[in-house]
Each structure stands twice: as C-alpha cells, then as structure tokens.
Amino acid sequence: MSDRQALEAREKQELGGETTRPGPVFRPDVDILEEAEHFAIYADLPGADDKSIDVRLDRGTLTLDARLASAPEERWTPLHAEYRLGSYHREFRIPEDIDAAGVSARMRNGVLELVLPKSAERRPRSVPVQAA
Amino acid sequence: MDALLSRFGGTAGAGPARDWRGVFPPVNLYESADAYMLTAELPGVEPDAIHVSLEGSTVTLHGERKIDYASREGASVHRRERQEGGFRRSFELPAAIDGDKVEAAHRNGVLMLRLPKSPEAQPRQIEVRAS
C-alpha cells in the first residue's frame, strides 16, 4: 500500500431553499461506522464554530446544524474563490434503539465526531458456555 | 500526485488561470493593502501534517489526510463520503511576499496563511506639493 491516492475535493453540496437562514447551507460529507456497542458519525464541517454545533435526536431522526465561525473582515477583498462560506445542515434516520442520553459529540480540526451508543438490548452479548 | 501551479491575479478577470475543480484543498485568496490571505479547507488534517513553504512569491501546501477505520476491529462502514490521501498545491501570488513575516494558523479545520507583501509591493502614498 505504498501508492497514496491523491485527494480530490468534492464541491460542497448546497441544500435547497427550504431554510430560513441567511447565506448558503451545505450538506456536509459524512462517514458512518457501526461498532459493537455504538454507531459513529464523522462529519466534515470546515470553518464551523464548535460552539454553534447543534445535534438533536427526535423520533429516529438525528439533525445536525452548524454555523460558520467567522468570515474575513471587510478590508479583505476576495481575489479568487474555490469554496463558499456558509452553514451546515444534515439529517439522518437512525435506528430506534439508540441510547439518546448517551450520545456524545466532539470537534477536532473541523470534523465532528458523534458517538451514538446502542441501547443495552442491542449490544452483542457473549453467552458463557458451561460444561455440563 | 500532480503539482499544480495556480497563478493568481494576472490579466483577465477574477478567475483562476487553470481549472481547479476537484483539486484538494479548495482555497480562497483575499487581498488587503499590505497583505494577502490564503485560506484552505483542510478538515480532519492534523496541523503537523500540513506543510507550507514559500519560494519567491510561490506558496506551496502539501500534506496528507489520513482516515484510519481499518484498524478498528469489528467496525463496519455504512457510509463513506470523506476521502483520504495526499495533496500538493502551489500558488503564485501577484506580488512579492515578505517571507519572514508569514503567519499560519489552523482553526476549525481551516488553514489561514497571512502573507504580508514585501515593502516594495505595497501601495505608497505620494504627497503632491504645490510648487
């Protein structure tokens, strides 16, 4: 595995006009993993203010919102733009047996990590086999 | 990994000299009277995995974005939209840069490079006196 794949940027996916927020709203790229005891969601939120992150869990839908930390001051004249600034929004259908109280969120280098623990009944259990 | 030199400024319009679509990381460039500011979206890249160099008025960013799920035993990936890999991009700025005063910050997954123009490249006020 010596050949590294060169990264390609995906253009930010803008959401339709159903929101009331000012400015564009983008759909962040995510990875979703399932491990034995939890699900993990990783969302790319470059430029998002970690204090603005809003995660809600309501009847099997997880809603993620984030706002931009700051835009350059007015004295900075844009010369060239390859990406746009805006907020982020995405919704996920999630299994119902998530332990909602145990959901945790952490931001690191512009990536949100959400850990959604499975409720106790759903976790794999090892059944001890007893010798007769 | 292709090295790509983007030329900023130049003659025609505000657009870049080459098509940048799909090139990582996407960057924005701003100008003030005394400096340029280059910002790059690099979510998930550790600050020490980002290398910035300056040669004349050419800035080069290179590094790698690593996503390691394979080492997590028993994990199954349900959705994979985020990519990993190496990157290298070079940009030629429209004016000379004072290399000793370049500042770099990495916040919220965005690299911000402040590149002061060298004194010769800054606008100067020339006083007009009545003779």
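## Ground rules and confidence

Residues are numbered from 1 along each chain as its sequence is written, while chains are lettered from A and ligands numbered from 1 in the order in which they are written. Because the model is predicted, local features need pLDDT of at least 70 and side-chain atom pairs count only at pLDDT 80 or more, whereas totals for chains, interfaces and linings use all residues.

The predictor gives the complex an ipTM of 0.81 and a pTM of 0.82. Within chain B, β9(B) has the highest confidence, at 97, and strand β1 (residues 5–7) the lowest, at a mean of 60. Please take some care with residues 9–18 of chain B, where pLDDT stays under 50 and the model has 11 contacts beyond four places in sequence. Where pLDDT is low, the predicted coordinates should not be read in detail.

## Two chains built from strands

Helices (H or I, at least four residues) and strands (E, at least two) are DSSP runs here, numbered from the N terminus. Chain A has 10 strands and zero helices; chain B has nine strands and, again, zero helices.

Of the 132 residues in chain A, 24% are buried, and of the 131 in chain B, 31% are buried. A residue is buried if 20 or more other C-beta atoms lie within 10 Å of its own, exposed if 12 or fewer, and partly exposed in between, with C-beta atoms placed from the backbone. Two residues are in contact if their C-beta atoms, placed from the backbone, lie within 7 Å. Among contacts in chain A with a separation of 6 or more, 52% join residues 24 or more positions apart. In chain B, 55% of the contacts between residues at least 6 apart join residues at least 24 apart.

## A sheet that draws on both chains

Two strands pair if DSSP finds at least two bridges between them. By that rule, five strands form an open antiparallel sheet in the order β7(A)-β2(B)-β3(B)-β9(B)-β8(B). β7 (77–81) of chain A and β8 (103–107) of chain B are the edge strands, each with a single partner, so one side of each is left without a neighbour in the sheet. From one strand to the next, the twist averages 20° (axes are lines fitted to C-alpha atoms, for helices over the stretch in contact, and angles run from 0 to 180 degrees between N-to-C directions).

Inside this sheet, β3(B) and β9(B) run antiparallel and are joined by seven bridges. B:M37 stands opposite B:R114 of β9(B).

## A mixed sheet in chain A

Chain A also has an open sheet of five strands, ordered β1-β2-β8-β6-β5, with mixed pairing. Its edges are β1 (13–14) and β5 (54–58), each with a single partner strand, so one side of each is left without a neighbour in the sheet. Strand β2 (residues 25–27) and strand β8 (residues 87–93) of chain A run parallel, joined by two bridges. A:V25 has A:S87 as its bridge partner in β8(A).

## Nonpolar cores

A nonpolar core is a set of buried Ala, Val, Leu, Ile, Met, Phe, Trp, Tyr and Cys residues joined through C-beta atoms within 7 Å. The largest has 19 residues, of which B:Y36, B:L38, B:A40, B:V59 and B:L115 touch the most other members. The elements giving two or more residues to this core are β2 (27–31), β3 (35–41), β5 (58–65) and β9 (110–116) of chain B. Beyond its neighbours within four places in sequence, B:L38 contacts B:V27, B:L29, B:V59, B:F91, B:L113 and B:L115.

A second, separate core of 17 residues includes A:V30, A:I41, A:L62 and A:L114. A:L112, in strand β10 (residues 111–117) of chain A, counts as buried because it has 24 C-beta neighbours inside 10 Å. A:L112 and A:I41 are 71 residues apart in sequence and 7.8 Å apart in space, C-alpha to C-alpha.

## Where the chains meet

The contact takes 36 residues from chain A and 44 residues from chain B. On the chain A side, β3 (30–34), β4 (38–44) and β7 give two or more residues. That side has 19 nonpolar, six polar and 11 charged residues, where Ala, Val, Leu, Ile, Met, Phe, Trp, Tyr, Cys and Pro count as nonpolar, Asp, Glu, Lys and Arg as charged, and the others, Gly among them, as polar.

Pairing also links β3(A) to strand β6 (residues 76–80) of chain B, through four antiparallel bridges. A:I32 stands opposite B:R79 in β6(B).

Note on methods:
pLDDT = per-residue confidence, 0-100.
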